[in-house]
Amino acid sequence: MSIGAEVLSQTHGQCPEGRKEKKYGHSCTGFLCLLLAAILVSNITLCVFSHIPQMTSQKRVTQRNSSSVTEFILLGFSEQSEFQLPLFFIFLGTYVFTVVGNLGLISLIGLNSSLHIPMYFFIFNLSFIDLCYSCVFTPKMLNDLVSENSISYVGCMTQLFFFCFFVNSECYVLVSMAYDRYVAICNPLLYMVTMSPQVCSMLMFGSYVIGFAGAMAHTGSILRLNFCDSNIINHYLCEVLPLLQLSCISTHVNELVFFIVVGIVIMISSVSIFISYAFILSNILRIPSAKGRSKAFSTCGSHIIAVTLFFGSGAFTYLTTSFPGSMDQGKFASVFYTNVVPMLNPLIYSLRNKDIKLALSKTLKRVLS
């Protein structure tokens with residue numbers, strides 16, 4: 001029985017019974033499948049659209065980047081030369097903590113059968129994404145702080161693709177986690193049926209496929225550009241907006257693709273999470289005891305904090321960089337959601353989680369005995 005079922009067993013009449021309950025659970029799952037399919041189709045459409053050759057006043061660009069640019073210079077934090085060594089140790093500490101924390105959480109969930117339930121399946125995937133996400137750019141950023149800060153054209157495009165892939169995938173994993181909490185609290189009697197291994201696997205597969213489609217749209221649009229004026233990227237990683245500033249051809253189509261893809265991700269994710277928590281709040285407020293309400297809120301607290309940090313910092317970064325001349329501010333703001341958030345997620349999901357603490361205690365006893 002899930003925590004949501006234990007909490008809501010104190011209430012009367014908030015969950016339908018029998019056939020209606022079963023039908024309700026399947027209808028919710030069906031709606032989510034349609035939602036994932038719609039997002040996937042829209043991203044694939046944008047991916048195809050981003051490959052349409054762009055028209056300029058001089059010529060039609062129909063070839064791959066034919067400029068002389070074979071590498072880029074990542075400006076990073078080189079303008080603050082006196083802070084480069086302290087920044088190196090700060091980011092190194094953050095990276096080590098991120099790797100150890102997320103790898104530890106992945107191992108803990110994988111080794112303990114008591115954690116093989118939907119909630120921890122999603123946390124497992126979130127930690128996996130955060131681990132890979134950090135490995136995409138942090139080693140290169142650390143290297144750039146102490147040595148040359150160049151990156152090849154192919155390396156830059158590869159970094160851009162995987163960065164977009166993991167960011168987009170994490171957004172939809174957080175949506176899946178919100179849906180999991182919704183089912184656990186609003187429909188606890190059918191939690192294990194609704195959130196079956198097949199459904200959970202489908203949600204994760206959909207998250208990765210949609211993330212892949214979004215990354216293809218972003219990377220495909222950048223590959224259409226010509227870089228001939230400059231190869232200095234005012235950032236510590238290959239990002240869409242800094243790369244657009246280096247193009248010597250029109251970037252209107254690229255900007256359109258970027259804002260549509262980002263808009264779809266933010267709108268779908270935020271609306272889905274908001275709706276899930278609106279239903280959750282409605283059910284929690286009907287719990288008669290204060291202890292029951294507190295226990296129900298505690299099951300959602302970690303996810304709410306993670307969502308707020310990820311979407312809040314990401315939205316602030318992109319809103320900041322959308323204004324002319326604000327790229328430097330956006331560069332510093334992006335440190336929070338690229339470096340700090342992946343480090344904090346293992347702490348958020350473990351410090352107040354009794355199941356994780358118990359599993360850690362048992363694992364340590366087995367290792368040390």
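**Figure 1. Lining of the largest cavity in the predicted model.** Helix H4 (residues 118–146) supplies the largest share of the lining of the largest cavity, three residues. The structure shown is a predicted model. About 80 Å³ of space lies in this largest cavity. Eleven residues line the largest cavity, and the closest to its centre are Leu-75, Gly-76, Phe-77, Asp-144 and Leu-145. Sorted by class, the lining of the largest cavity comprises six nonpolar, four polar and one charged residues. Over the whole structure, the search finds four cavities of 30 Å³ or more.

**Figure 2. The disulfide between Cys-156 and Cys-238.** One disulfide is found in a search of the whole structure. The bond joins Cys-156 to Cys-238, with an S to S distance of 2.0 Å. The link of Cys-156 and Cys-238 is left-handed, with -125 degrees about the S-S bond. Distant parts of the chain are linked by this pair, the two cysteines being 82 residues apart. Cys-156 belongs to helix H5 (residues 153–186), whereas Cys-238 is in the loop between strand S3 (232–233) and helix H8 (240–244). Cys-156 and Cys-238 are both buried.

**Figure 3. Cys-132 and Cys-135, with the distance between their sulfurs.** Cys-132 is in no disulfide. The cysteine sulfur nearest to that of Cys-132 belongs to Cys-135, 6.5 Å away. Cys-135 counts as partly exposed because its relative accessibility is 36%.

**Figure 4. The largest nonpolar core and the surroundings of Ile-222.** The largest nonpolar core has 94 residues. Phe-72, Phe-163, Ile-222, Phe-227 and Leu-243 are the residues with the most contacts inside this core. H5 gives the most to the core, with 23 residues. In soluble globular proteins, nonpolar side chains tend to be buried together. Not counting residues up to four places away in sequence, Ile-222 touches Met-157, Leu-160, Phe-227, Val-240, Leu-243, Leu-244 and Asn-254. Buried residues make up 54% of the 369 residues in the protein.

**Figure 5. Val-136 and its contacts.** Val-136 has its place in helix H4. With neighbours within four places in sequence left aside, Val-136 is in contact with Gln-159, Phe-162, Phe-163 and Phe-166. Among these partners is Phe-163, one of the residues with the most contacts inside the largest nonpolar core. Val-136 and Phe-162 are 26 residues apart in sequence, and their C-alpha atoms are 6.8 Å apart in space.

**Figure 6. His-303 and Ile-304 in helix H10.** His-303 is found in helix H10 (residues 290–321), and Ile-304 is also found in H10. Is His-303 buried or exposed? His-303 counts as buried because its relative accessibility is 3%, under the 20% cut-off for a buried residue. Ile-304, at 38% relative accessibility, therefore counts as partly exposed. Not counting residues up to four places away in sequence, His-303 touches Leu-174, Met-177, Ala-178, Tyr-277 and Tyr-349. The C-alpha atoms of His-303 and Ile-123 are separated by 9.7 Å, although the two residues are 180 residues apart along the chain. For Ile-304 and Ile-273, 31 residues apart in sequence, the C-alpha to C-alpha distance is 9.4 Å.

Figure 7. Ile-117 is placed in the loop between helix H3 (84–111) and H4. Ile-117 counts as partly exposed because its relative accessibility is 32%. Between Ile-117 and Met-192, 75 residues apart along the chain, the C-alpha atoms are separated by 8.6 Å. The secondary structure of the protein comes to twelve helices and three strands. Among contacts between residues at least 6 apart in sequence, 81% join residues at least 24 apart.

Conventions: Residues numbered from 1 in each chain as written. Predicted model: local features only at pLDDT ≥ 70, side-chain atom pairs only at ≥ 80, totals over all residues. Heavy atoms only, no water. Disulfide = S-S within 2.5 Å. Helix = DSSP H or I, 4+ residues; strand = E, 2+ residues; numbered from the N terminus. Buried < 20%, exposed > 50% of the residue type's maximum accessible area, 1.4 Å probe, protein only. 1 Å grid on protein atoms, 1.4 Å probe; cavity = no way out; pocket = protein on both sides within 12 Å on 5 of 7 lines; lining within 4 Å. Points joined across faces, edges and corners; volume = space filled by probe spheres on them. Nonpolar A, V, L, I, M, F, W, Y, C, P; charged D, E, K, R; others polar. Core = buried A, V, L, I, M, F, W, Y, C linked by side-chain atoms within 4.5 Å. Contact = heavy atoms within 4.5 Å.
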